Structure formats: structure tokens, C-alpha cells
Amino acid sequence: MERVPALDEPLKKTLGAATAKVMAEHLDLHTLGDLLHHYPRRYAERGELTALSELPLDEHVTVVAQVADARIHTFNQGRGRRLEVTITDGSGRLQLVFFGKGVHKPLGDLLPGTRAMFAGKVSVFNRKLQLSHPAYEPLTGGASAADAVDAFAGRLIPIYPACKQLESWKISKAVDAVLDRAVDAADPLPPALREGRGMTTLPDALRKIHRPRTKADIAEARERLKWDEAFVLQVALARRRFADTQLPAAARRPVTGGLLDAFDAKLPFTLTEGQQSVSKEIFDDLATEHPMHRLLQGEVGSGKTLVALRAMLAVVDAGGQAAMLAPTEVLAQQHHRSITEMMGELAEGGMLGGAEQGTKVVLLTGSMGASARRQALLDLVTGEAGIVIGTHALIEDKVQFHDLGLVVVDEQHRFGVEQRDALRSKGKQPPHLLVMTATPIPRTVAMTVFGDLETSVLDQLPAGRSPIASHVVPAADKPHFLTRAWERVREEVENGHQGYVVCPRIGDAEDEKPRKKSVEDEAEKRPPLAVLDVADQLAKGPLSGLRVEVLHGRMQPDDKDDVMRRFAAGDVDVLVATTVIEVGVNVPNATAMVIMDADRFGVSQLHQLRGRVGRGSAPGLCLLVTEMPEAGPARQRLTAVASTLDGFELSRIDLEQRREGDVLGQAQSGVRSSLRMLAVIDDEEVIAAAREEAVAVVAADPELEQMPELRIALDALLDKEREQYLDKG
């Protein structure tokens, strides 16, 4: 069956060039099919008022509300005019502002008691949310407005994801113009599956999602459309897994009495049960003749690096080489240091005093000196080095391996697709792949994002790790709390420990270039706090007399390394740093962390940062400093982080707060979200069921020859770029 031409038709044919241009540029909608799959975000009912208390900052919103009052203010000795309109939903209020000559029309339209739809971007002024110059569409009026009332208020009002250039009600009119074409939609669900689960057809679901008569219509349409998304995505992943099982790879089995046994014998502790069982899963994968694709997720400090190192040693035993890819130079150096320390003389293969069954462990980063770099490249191509740890410098064309058998990617979410793929292509045949992340991922997200990877979870912390107490410090409301925070840091140092202070910005000349201000910057009327400024203030003020140093990403690599070494050795009391310390930095004596402007960081980032303390026998302390008001979402986020150390719970909160985004990794694929209806956190059952059905379908018909409609949906949902992303995931 050919691709259905009807839904591929450009929007300008139906809607006209001007509207089509705005839809393409601002909403990424190009064809009839795109518009039909641009679903309402929610529905308002006639007379219903919207919750104004939950408006997201800096987003374009549409609300249905009632005018409470409207008044004109003058300024500049009466030359300037500003109309302020307060709208209410009964529980919250929102201010609208209009300036200049254009205030008279809204003043006449928006009389107290008027109910209307308002659309605009949520901003902050004087710490209050407002919409500036919003578009509006009254929902009441005389006979002349009867059509508008009927269209918008006579039934459930669809509120569409909109933009400044095209309000929700205009998108609604465009949908009206194309909705009768929904009959041409190719149905991706095999009829047996659809009928077996009692679901409606796709054309019917599209009609009901856009123009529901009842709430039951919405529920029925949502269920069907969620299934489409989950099923098509799981088919793509199932095909990926199936294709992987067809690829050849060299089996890498550990050798008795080899490097791995020698390493295990010198470990000063026993592996946790979790580490043992995850290692067995990895070794079983390495012993097969098709490439391992495994995701290893574990809480900060659960011993993932040790598990990965044992896998690398097993591959070296089997005659291959292993490469570990780290996202930053600081982390690559840290891994290199900790791995060579753990291995001791086993990391000095071929060197004087090295162990007989040892190997060479080399570091390769972009800023190494020419001679050290030449030697590292030579050790890789001859096979002298069994293990290499590096940044994306490993990916360059001139890096050649003797026999690459295993690629370990640390903090997978920081690497683009092409980078991972380029490294994997350096093996004579596809190497095994182990992806590590310390950002815990709920099971459904793992099934959706990493659906082509088998998942191992390390959730036990090794013995000897200490608890971390976390507290929010509201610096604006209670300045004395911040004073006490610095006293606590001093107390930790007096007790022989060390501390971190983390800031969102560096504060050097590079930083000072004009940049687009975020809404929060506008709200605070100041840029985020900077490392260089804060370090200076602390050294002269609350932490005077202590050894305070700075660390950030624009320092010279040797300087960074020097600071980290001195901090690890205990020669620095307090390290003021950017998030370069977020992953992998391991200083057991550091017990205190103060995160400045903590509201500027994401939930998982805060969790990662906090994992840098409490790594030794003394308890950790993490203080989250913020100036955001108590009632706002930023403070709620920080309170959530302070209330639990469970990374999986925090990742759920993070996803719910971020409103999904594109779980397929917008940053990695650069294309629009494919998930419009499916919520990976809430729809666990749908995703799990869709995965089962997809596996069965692909096993029976890997090329989907019997299901042309499903192939069409795959092509539409997983355009070439996204296919590549899945390919390389």
C-alpha cells in the first residue's frame, strides 16, 4: 500500500499560505496529518473557570476566566496609559496588562463579569504572574456573538497548544476545516489487536479528540491514541532489538586465573549482592555472539564504576580492548585516577614493576600534550593498552584500536547519537555496549527511551556510605538561615572535613556577554550567582581564614586537575565550583554542600550534586539556597529534593514537573516530540501491554510486510532522523 497522500497534503492547500507558514514555523505543523495529530491540551466547559494558580512560567497559555475588574493607570505626567485587568477563577487571580493607544478596545470589551478566553505568555512582574497584551475571545455576548458562543462555549472547548502568533481558537477553526479528512487516516493497529482490546477506529478517535460531545468521547479517543503512540514506538524498538540479535560480535569470556581474577583477589571488600548479580548479567551478555546492549543504572555511589571495570577486565582477558567514554575532562581524569588506583600494579602492564598479567590503562582527552597523546594513540593501535578512558577525543578519526571489544558510556544522556555511533564503528565488528547512568529512570521510561537496551539496576549502596541530610534555605524570606548555613560549613571544616559550594555560573568575561534573559532572571532582577564572585565574597566574609578555591569548566585542564588533586588530598577546605563536580568526583572527606540559586538546577541534577557528599563514614549535609517565593513551583521542587534520597522517586517528580517533554530525547534527535498523548509515568500499563504486542508482531513479521498501515505509521512517527536516533541508541 502506498503512503496515504491525503494526510501528506501540505496545509497551505486547505488553510492558505499565511496560516500554513505560521503553523510550520512556530508549531512545526506542515501537513493535514500533523494538524490532525495536534491534539487539544485540555478542554474547558461552558461556565467553567480555569485554575490560574497552576500556570507555568514562561509558557504560552490559554485560560478561560472571568473579569473581576479593569482600570486605567497613567504615568509620565499623564502621557502614558496602562490598562490593568484582573481575571479570576474563584480561587486565584491573574493580572493582564495592555499599554499605549491600544487600551481602549480591551477596556470596552472586558467589562467586569465578562467571561472570555485569554491567550498569552506567562511572565512575572513584582513577583506576580501576569499576561502582557494577551489575545482574547469573549465567550458571551448578544445575538451577533451567538456563533462564537455556540462554537466555543456551547460544548467542550478544546484548548490547543498555541503560540503568540496563533491563538488556540484560531487553531480550532483550522482543525474544523480539515477534520472531515480524518477518514483517510491509515490505522496502524492490526485489526485483531484493535478488536481484541475493544478500541475505536483511528478516524473516529481523531474526530472525538478534537470535537468531543461528552467526556466519555475524550476518554475513548485518548485511550486509542495513547495505544497508537505506545505501540508504534515499541514496534520500532522491538525491530531494533531483533536487528541487533542478527548482528555478529566476538564473544568475550573471562579467563580463569587472568586479569579479572587477579583484580578480584586484591579488592579490600566483597561485592554487594547487587554488584554480583549485575556482573553475572553482563558476563552472560559478553559471552554471546551478538552485541550486548545493556543499560546499567544505579544510585549515586552504588558502585557502577566497579561493575563496569570488572566487565572491561573480562574483555581484556579475552584478548579485546575496552573504552570508557566520559562527558567531561574532569570526569575522564577522575575515572582514570580511580581505576588505576583500584588496579594498582595491574594497570602497569609492560612497565617496570607492573604485574605479569597486567595491562596498560591510558587516558585520552582533547587537551593532552602532543607527545603524551602520540604515545596513547600508539598504545591503542598496537593493543598495548587494554583499557582507554577518554572524552569525545576518543571519537576522532585518527584514533584506531587494535581490537575494540567493549564500549562503556558514562552518563549516556550527555552524548549525542553520532558520538556514540562513531565510537562503536571503531571495532572490527560491533563491540558490546554498556551504558551507565546515575540518573535513576523509572521502569516505564526505561522501556520507552532505552527500549532497545536490556536494563540492570544497582539499588544497594555499599556498606559504609553515610546518610545525607538536606534542607531548603530560603535566603530572601529568612536571611539568618543563610548566615547559619555558612556557620555549618565552618563547623564541618573545624571537625576536619571539607565542603563544596555550587553556583550556576562562572562569572568571567566569557560569561558577561549579553545573553537572552530568562523570565526568572527578570523576576529576580539579577543574573544567577557566579563562582568567581561567590568565592571572593566567602573568602573575605563568612569563610575568611579557610582555604577556598574555585573550579570551573573554562580553567586550563592542568589547573583543574591540580585543584581536584589538592582538594582530594585535603589541602583545600572549600571548593566553589560549577556543575563540573556533578558526576564522578569522589572525595570521601567532603561532608557539606551548599547549592546557591538551587532553583536554577533540575531535580536530577540536584540529586547528582548531592551525591558528592556523604561518601565516607561521616554523615553528609546538603543545603539548597533559594530566593524564590515559598508558594512557587521552584520551591516545591526543592522541598521534594530535600524530602527524599530515593532517586527513582525524584525522577518521577522531575518527569511530572517537566511535563514529559520528548522522552525520546529531543536533545539527541533534534526533532519534535513524538509523544503527544502518552504520559510515560502515568501510562505504565499501556506501555507494558504495547511492548508485549509489539514483540509478538515483530517476531511473526520482522519486515511488517503484512501490515502496510503500520509501516506508514512507523515512517510518519519515526522519521529518518528519529530512526537513526533509535538505531544508535
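Student: Hi! Which residues of helix H11 are buried?
Tutor: In H11, which spans residues 259-266, the buried ones are Leu259, Leu260, Ala262 and Phe263. Buried means under 20% relative accessible area, exposed means over 50%, and partly exposed is in between, using a 1.4 Å probe and protein chains only. Helices (H or I, at least four residues) and strands (E, at least two) are DSSP runs, numbered from the N terminus.

Student: Where around the axis of H11 do they sit?
Tutor: They cover an arc of only 165° around the axis, so they are on the same side of H11. That arc is taken from the directions from the helix axis to the C-beta atoms.

Student: And what do the buried residues of H11 pack against?
Tutor: Their partners are helix H12 (273-286), helix H13 (304-317) and helix H14 (329-343). Contact here means heavy atoms within 4.5 Å.

Student: Before we go on, what kind of model is this?
Tutor: It is a predicted model, where local features need pLDDT of at least 70 and side-chain atom pairs count only at pLDDT 80 or more, while totals for chains, interfaces and linings use all residues. Residues are numbered from 1 along each chain as its sequence is written, and side-chain values use heavy atoms, with hydrogens and water left out.

Student: Thanks. How many helices and strands does the chain have?
Tutor: There are 28 helices and 21 strands. The chain has 729 residues, and 55% of them count as buried. Among contacts with a separation of 6 or more, 74% are between residues 24 or more positions apart.

Student: Back to H14. How do the axes of H14 and helix H21 cross?
Tutor: H21 covers residues 557-568, and the two axes come within 10 Å and cross at roughly 50°. That makes H14 oblique to H21. Axes are lines fitted to C-alpha atoms, for helices over the stretch in contact, and angles run from 0 to 180 degrees between N-to-C directions. Under 35 degrees counts as roughly parallel, over 145 as roughly antiparallel, 65 to 115 as roughly perpendicular, and the rest as oblique.

Student: Is the crossing of H14 and H21 left-handed or right-handed?
Tutor: Right-handed. A crossing is left-handed if the near helix is turned anticlockwise from the far one by less than a right angle, and right-handed if clockwise.

Student: Which residues make the contact?
Tutor: H14 brings Glu329, Val330, Gln333, Gln334 and Arg337, while H21 brings Pro557, Lys560, Asp561, Met564 and Arg565. By class, the contact of H14 with H21 has 3 nonpolar, 2 polar and 5 charged residues. Ala, Val, Leu, Ile, Met, Phe, Trp, Tyr, Cys and Pro count as nonpolar, Asp, Glu, Lys and Arg as charged, and the others, Gly among them, as polar.

Student: What about Val580, which residues is it in contact with?
Tutor: Leaving aside neighbours within four places in sequence, Val580 is in contact with Val330, Leu551, His552, Gly553 and Val585. Val580 belongs to the loop between strand E19 (574-577) and strand E20 (590-595), and is buried at a relative accessible area of 15%. Val580 and Thr328 are 252 residues apart in sequence, yet their C-alpha atoms are 7.7 Å apart in space.

Student: New topic: is Glu289 buried or exposed?
Tutor: Glu289 counts as exposed, at 56% relative accessibility. Glu289 is in the loop between H12 and strand E9 (293-298). Not counting residues up to four places away in sequence, Glu289 touches Leu247, Pro248, Ala249 and Ala251.

Student: How many residues of helix H22 are buried?
Tutor: H22 (residues 603-610) is mostly covered, with 6 of its 8 residues buried. Val603, Leu606 and Arg610 of H22 meet Arg637, Leu638, Val641 and Ala642 in H23. That contact has 5 nonpolar, no polar and 2 charged residues.

Student: Last one. What is the phi of Asp28?
Tutor: Asp28 has a positive phi of about 60°, although it is not a glycine. Most residues other than glycine have a negative phi. Asp28 is in the loop between helix H3 (17-27) and helix H4 (32-36), and is partly exposed, with a relative accessible area of 29%. His133 also has a positive phi, near 45°, and lies in the loop between strand E6 (128-132) and strand E7 (135-138).
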